[in-house]
Structure formats: structure tokens, C-alpha cells
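Here are a few notes to read alongside the model.

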Amino acid sequence: MKKGTLINADISYAIAKMGHNDMLTICDSGLPIPRGVQRIDVAIKKGVPTFIETLETIVEELRIEEIIIAREIREISPHMFQEILKIIESVEAAENIKVRITEVDHEEFKAMTKESSCIVRTGEYTPYANIILKSGVVF
């Protein structure tokens, strides 16, 4: 049995298959998921699991070098934006790396999800609680 924090088999497998610059998206319950992109649906009811819980767990397993978010989150969901920044700062400190933060408009963000290895759908109901994680390398 897997011993680490991330015990979801589908997410763990998706991360294991990722290479440098591959993308994984974590989204709220409302983001449209493009045809042809693997959907890993972990949502079970409103707010469960939360976007933040899911993000915190995945970044424990996945080395990231860049995040991509919709710039609308700053104004529409500023608390969520601050939570994301705290998590990224924690990753940077723990792994002694610098993570690039890229902001795009929401329509561009949705188009970019077509290139994701998979999209993890949470039970989050906060507007614009979506992120693309670009994989880094561990060496």
C-alpha cells in the first residue's frame, strides 16, 4: 500500500507519467473540461474536497516550475489568490526553487487546459479556483 500523502491512484499515476513542462490542471467544480483530456473527478459534494486541500496534496508529490492562473482570481476571489501564493511560497522554501507565476485571462486559461495531461476536478465552489501546474525536474 502506498505510504505517501497522495493516495489517489489516478492522480498518482498521472504525476508519475509526467515529464518536464507537462501540465496538470486542478479546477473548481465548474470549469469546462475539454474532450480528450483525462478527467480525474474527486468532487463528492459542494466544497469537498476543497481546491486548496487538493493543491497542497498534489504539490507534495509533483515538482513544479511554473503555475498558470486566471488573472480574474485577484479581484473576484482575492482570498483564494492569497492562499495559492502562500502554498507556492511554501513550496519554494521547502524545495529551494523559484516557481514562475503566469497570469492569463480566463478564456486563455480554458484554452490552455486542452494541453493538460489531466484535469483534477474538485468540489470547490469559489470562482476562478483553477490552476495549471507545469512540471519541473527533480535534478
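1. A pocket here is an open set of points on a 1 Å grid over the protein atoms alone, where a 1.4 Å probe fits, with protein on both sides within 12 Å along at least five of seven lines; lining residues have an atom within 4 Å of a point. This is a predicted model, in which local features need pLDDT of at least 70 and side-chain atom pairs count only at pLDDT 80 or more, while totals for chains, interfaces and linings use all residues. Residues are numbered from 1 along each chain as its sequence is written, and side-chain values use heavy atoms, with hydrogens and water left out.

2. Please look at the largest pocket, which is lined by Thr5, Leu6, Ile7, Asn8, Ile11, Val42, Pro49, Glu53, Thr54, Thr57 and Ile58. Its volume is about 180 Å³, taken as the space filled by probe spheres set on the points. Helix H2 (residues 51-61) gives the largest share of the lining, four residues; helices (H or I, at least four residues) and strands (E, at least two) are DSSP runs, numbered from the N terminus.

3. Now to the charged pairs: how many salt bridges are there? The count is nine, a salt bridge being a side-chain nitrogen of Lys or Arg within 4 Å of a carboxyl oxygen of Asp or Glu. In one of them, Arg121 pairs with Asp41, with the closest N and O atoms 2.9 Å apart. This pair links distant parts of the chain, 80 residues apart: Arg121 is in strand S5 (residues 118-121) and Asp41 in strand S2 (residues 38-41). Asp41 is partly exposed, at 38% relative accessibility; buried means under 20% relative accessible area, exposed over 50%, and partly exposed in between (1.4 Å probe, protein chains only).

4. Arg63 forms a salt bridge with Glu95, and their closest N and O atoms are 2.6 Å apart. Arg63 sits in the loop between H2 and strand S3 (64-70) and Glu95 in helix H4 (residues 78-95), so the pair ties together parts that are 32 residues apart in sequence. Both ends are partly exposed: Arg63 has a relative accessible area of 22%, and Glu95 one of 26%.

5. Within helix H5 (residues 106-112), Glu107 and Lys110 are three residues apart, so about one helical turn separates them. Their salt bridge has its closest N and O atoms 3.0 Å apart. Glu107 is exposed at 52% relative accessibility, whereas Lys110 is partly exposed at 23%.
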